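Take a moment with the sequence and the fold before reading on. The paragraphs below go from one pair of side chains out to the whole chain.

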Amino acid sequence: MIDFYNAFISYRHAPLDSKIAEHVQRKLERFHVPHKLKKNLRHQKITRIFRDKDELPITSDLTETITGALRNAEYLIVICSTNTKESYWVKREIKTFLQTHTADKVLTVLCDGEPFEVIPEELLSMEKEYRDEMGIAHTVKVPVEPLSCDYRLPRPAADKEELPRLASALLGCSYDELQRRTRQYKIRRVTTVAGIVFAAMAVFVGYMIYSNKKINETYLESLRSRSLFLSNEAVSLLEDDKRFDAIHLALASLPNESNPKIPVTAEAVRAITSVTAAYQSNAGSEYQPVWNFKTDFELKKCIKTDDDQYIAALDESGKIYCWDGNSHQLLFKNTLKDAPVNMMFLGKEGLLITFKHKMESYDLGSGELLWKYEIEEDRAFYEDSVVYADNAIYFHDGDGAILKLSEIDGTVRETYQIKESSSFISPTVAALTISPDGKKIAYADSTFVLNDDKIHIYDTETGNDSAQKLDTFYIEDIAFADNDHLCVLTSDSLIDSSTAYSNELTVVQRTVMEAYCFDCSMTQKWMSNLEFTDASILVGSMNLPARSAVMFFAGNTAIVYDLESGGQKNLYQLPSSIITASDNNGEGLPEFICRHGEYVFALNENEDKLAQFNVLSNNLKEAMIGQRLYAAPADGKDIICYIPYLQDDEWEPVDAFGGFTIGSSYQTYYHDDEYLVIASRVSETHIIRISVIDPKTGKLTFTTDIDDIETLTGGFQIQRADGQLYAQLGEKVYEIFPDREKVSILDYTIDSYSNFISGGKLFRYSVEDSCLVLKVSDIDGANEREITSKEYDGLSSFSIRYPAYVKEIDTVFFPTDERLIAVDLASEKVKTVDVPDDWKVDSIGGKFYAIAAEDGSKVLLYDGTTIFVTDGSFKELFTMSHTYEERYSAYIKDDILYAISDDFLILYNSNTGEMLNQYEMTLYGYGDTSFSFHEKTHELFIKIGSQISIFDTDTWIETAFIENAYCYDEGADRFYVYSYRLSSECYAGYIEHYTLDDLIEKATKILGGQELPDYVKEKYGI
């Protein structure tokens, strides 16, 4: 008999208890012990755990094996569930173990229920004897609580966070040593109770309160861990284009009806903000996932109606699904007795499903069976043997006839005997296709061209059959381009071509197919070769009526030909194999979705140039192009719907023109409590349109156009000084009078780099006789004064780089290659700031940057490589080396320096320069930066150019990122953002600042009551 076990597992032989017991045993025996801890451990590894495999017999004594194992086990692990208290043997095993062991050697694992409900009473207290003042012995029950690990959590989280609690006890080390990144779990034991019985009971009650508090804290911590796990998974799923799943997980990471105690984490707020597209506005053309249509088993095929109203799918189990493409509602899901071979929409009313020996038509709205058509057992339907055209259904009856069925009731309308019937061998009809007007039927005698096999066109009105034999091996595709032209694609080999063995392996070789065009008498009009290299997944042709052309495609190549002459118009080389092709725009400019997720479209008909978006999922099996894009990854259960704009549906437009924000276009704005003023160039003109908005109401109060703006080089900004609004538009400066709805031009120009407007002042500077001469005035030119410095050796106008006015200290800085000159406007004194030896501002190193704390107590100066922080008198506090970044800005508040350095928010001690921490932020724009703290909501708003990042200042996690932003108006508690949603031009609008309840409501509304499939719920423990 084995004389030592690390632990004995005691459990009720119920399904849940047995499953957890087996799992805990396996995980503990395979537990990896960190090498650096082994020398300090009681046991260097967990060698053996005892768990009985069969239900014990009902006797009064434990078997010798069980008794011996309990005696030789160092610890007892009790699996606790709502079944445990009903188990006679669990109680017996606990009692036997405690005869030779102390209570602290008992550990528990929680499977379900609450701890005080499921932990056996024998483990919640112990008897202890004490003597009172009279020397009389008393025995009282002292409350205790064993170390527990919580397997009510999802299995991965429990394995990661909870299992080490057991392992640390068995190994003889602390939980912190084994799990550095988790909070140490210790519950102190009450060791002695003194006094009279009433006092003992009081201590017990006190302990129970304390114990419940600790249990509650641990429970809340487990909920917090689960919230972090689900919110991180939600973000990952969104990145994988599974928005439907992501929204469900984001909601599950927040307090909800099933568990209102879930703590609110910043990660969960960021997740639900992202998955709901909160604050998002449409200022680009990037396709983004908006919905996931889900099947229960791996997707086999999907189709849609031309107007995207309905989406249908067939999965590998034979289930048929139909959804409303606009509302995303599942209209019906039918589990079919027989395995379908294909499906197709019958207009906008019905869904036709073909089986091996029958066809069934279903109503799209209800899923009700409308009609059924059956064929004899010796006949069979194949995937491409049934065709829908001209509002009817066509198929070969296997005996030389083509039958035309009514789409309404499935009755036979017409029978076309295209071949002589035979009682011995059924004549073959392959690649059946119908002309758009339904008057001609094209087919091949066989897909494989053997002996005298031909391609035919049968005229349904005259019964005339025209045929042509081709010198080829295999018919790839037959299709009518229009009523008068038949397109045929053939190949001479099925072996010598590229083959995709998997997403990772494709054997590539040059492949050539032959493209033919015939007239309705089967006279060849022209022939051309179609050459490609990638695997041939979709093969065919497509009519482009707007250009009187036809496109043939296969593999990664598509060629556009003139329909009459066969002259090549375009040769498109696609990035990977074509999954689907479309002329959805109706302009003859084809669109493609390719195997590796590329959405590609032709830019114009005169060039072979293509535009490409790499935004869809990789390794696609199915794809569809319409008003939206649809992509289905191979081996997946999702049809992912993409749209070219995913915008917050609560964006409210303001009738204010925003212009264009890309290329050489211009847009600027100014915001305060009273006004939001936007100045934008009207595309392809010299007109600047100025719009004034009341930010409190979101209403446009005044707009006007300024003509004849010849140049916009130099300043392009709006400022307010002494209550007056000014707009610098290139070399000209204007006064804006919103109340009078008037704009007037000032009588001076800013025509050189030596003039600039900043902080409500107009600055003009020059260098005369090596002296700096600065003229300062109001923006309208009034109250001008002149300040002259001493002589500086080598000073010239050309040596001054990027002067900057810092309003907080009323000082203008003039950096040069060798020095930094500061002009104090209040005292009109000029001084040279003592800068570090390696200080250098030049046109390569980057712009000079200066900011000051609001009270002027600290000043930060940056030359692109060195950050120099001083007190208000420019005495050095510290210096830091900093590589020049494209984006750098800073803010000083309460002895903390907040610095933006490309993709990070970095916090420093503003007195010493010690870095306190750094946090990732979403950032890719440029422009002026502002910081705004909101104490009530514990948020920091950082605005950089047209982007706003919102940080939770308790956790320093970025909870939201807002693009295309003018400003945040605190009074109205809303964000003003621009969008292209209404037209090709940019317009202003606003989105209210969401509360958490708002975001939850938004997510719930998007889901529309649709639940996650069970297999997804099980995966994430929802």
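Are Tyr862 and Tyr888 buried or exposed? Both are buried: Tyr862 is, and so is Tyr888. Buried here means under 20% relative accessible area. Keep in mind that this is a predicted model.

A search of the whole structure turns up 46 aromatic pairs. Tyr862 and Tyr888 make up one of them, a tilted pair. Their centres are 4.5 Å apart, and their planes stand at 50°. A pair of aromatic rings is described by just these two things, the distance of the centres and the angle of the planes. Now place the two rings in the fold. Tyr862 sits in strand β60, residues 858–862, while Tyr888 belongs to strand β63, residues 888–893. The pair therefore ties together parts that are 26 residues apart in sequence.

Further along comes a cluster of rings. Ring pairs join Tyr891, Tyr898, Tyr919, Phe931, Phe933, Phe951 and Trp956.

Turn next to the helices. Helix α6 covers residues 163–171. Nine of its nine residues are buried, so α6 is largely enclosed by the rest of the structure. After α6 comes Gly172, with a positive phi near 90°.

Helix α10, residues 266–275, is mostly covered. Seven of its ten residues are buried. Among them are Ala266, Val269, Ile272 and Thr273. Ala268, Ala271 and Val275 are buried too. Ala277 follows α10, and its phi is positive, near 60°.

Now step back to the whole chain. How many helices and strands does the chain have? There are twelve helices and 73 strands. Of the 1022 residues, 53% count as buried. The radius of gyration is 39 Å, whereas a compact globule of 1022 residues would have one near 31 Å. The C-alpha atoms fill a box of roughly 110 × 110 × 50 Å along the principal axes.

Contacts and surface complete the picture. Among contacts with a separation of 6 or more, 48% are between residues 24 or more positions apart. The accessible surface comes to about 47,400 Å². Carbon and sulfur atoms own 46% of that surface.

Note on methods: Residues numbered from 1 in each chain as written. Predicted model: local features only at pLDDT ≥ 70, side-chain atom pairs only at ≥ 80, totals over all residues. Heavy atoms only, no water. Helix = DSSP H or I, 4+ residues; strand = E, 2+ residues; numbered from the N terminus. Rg over C-alpha atoms; globule rule 2.2 N^0.38 Å. Buried < 20%, exposed > 50% of the residue type's maximum accessible area, 1.4 Å probe, protein only. Contact = heavy atoms within 4.5 Å. Areas by Shrake-Rupley, 256 points an atom, 1.4 Å probe, with all protein chains shown as cover. Phe/Tyr/Trp six-rings, centres within 6.5 Å; stacked < 30°, edge-to-face > 60°.
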